[in-house]
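Dear colleague,

Please find the structure below, handed over for your study.

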Amino acid sequence: NLALYGNTTGYNNIAIGTTSLYSNINGTDNFAVGRNSLYYSTSGSYNHAWGCCALYYNTSGSCNYAAGPAALYSNSTGCNNIAIGAASLYANSAGSNNIALGLSAGASITTGAGNVIFGSYGGSASLACTFVVQAGNCQRIKVDGGGLCINGSLFASVVAGSASLDSYNSYHIGSGLTTSTGQYNLDRKST
């Protein structure tokens, strides 16, 4: 089945499936299950690939976890990524520290880093430092450098500069609100 076909000095690798870890030369501690999983990996280590073509183009990226057909498919040098779902982080080539959960989650990210995506939000090539929760085609929560968006509305526009977080972790929006004695509350008063 040609699993671990090119292995020369790599060790502690497990390859199950036709041509899984096919190109491995000296990568260590990899786990590949599924046809063509970690196919081009030559020196990457500590990767886990579950599913047909998961981490297919990985060459030297390390510490990645891909579960689902074509998850982290284009990853070459990116490290510390987690992709769960078919085609999640599909185009990622060099982005690192991304987490994507869902069908095609983060599929358009190529070099972006530090993202957390739940749902089918594809993102953009260089998306960075963004947190997204999307249900179907409806983006519910997005946090990035522009602020917090809930159901497509920028939360900062609602706040209008009059928000506070008190010592009880209660968030107050508007003026004239008193400090609560309970914890984790959200108060809003029209301004």
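Predicted model: local features only at pLDDT ≥ 70, side-chain atom pairs only at ≥ 80, totals over all residues.

Thr130 is found in the loop that joins strand S7 (116–118) and S8. Leaving aside neighbours within four places in sequence, Thr130 is in contact with Gly114, Asn115, Val116, Lys142, Val143 and Asp144.

Val133 belongs to strand S8, which covers residues 131–135. Is Val133 buried or partly exposed? Val133 has a relative accessible area of 26%, so it is partly exposed. Not counting residues up to four places away in sequence, Val133 touches Phe118, Gln139, Arg140 and Ile141. The C-alpha atoms of Val133 and Asn151 are separated by 9.9 Å, and these two residues are 18 residues apart along the chain.

Trp50, Tyr65, Ile82, Ile84, Ile99, Leu101, Phe118, Phe131, Ile141, Val143 and Ile150 make a nonpolar surface patch of about 820 Å². Which elements give two or more residues to this nonpolar patch? They are strand S5 (82–84), strand S6 (99–101) and strand S9 (138–144).

One of the patch residues, Trp50, lies in strand S3, residues 48–50. Trp50 counts as partly exposed because its relative accessibility is 37%. Two other members of the patch, Phe118 and Ile141, are among the residues that Val133 touches, while Val143, also in the patch, is in contact with Thr130.

Yours sincerely

How values were computed:
Residues numbered from 1 in each chain as written. Heavy atoms only, no water. Helix = DSSP H or I, 4+ residues; strand = E, 2+ residues; numbered from the N terminus. Buried < 20%, exposed > 50% of the residue type's maximum accessible area, 1.4 Å probe, protein only. Contact = heavy atoms within 4.5 Å. Patch = residues over 30% accessible without salt bridge, like charges linked within 9 Å, V, L, I, M, F, W, Y side chains within 5 Å. Areas by Shrake-Rupley, 256 points an atom, 1.4 Å probe, with all protein chains shown as cover. Salt bridge = Lys/Arg side-chain N within 4 Å of Asp/Glu carboxyl O.
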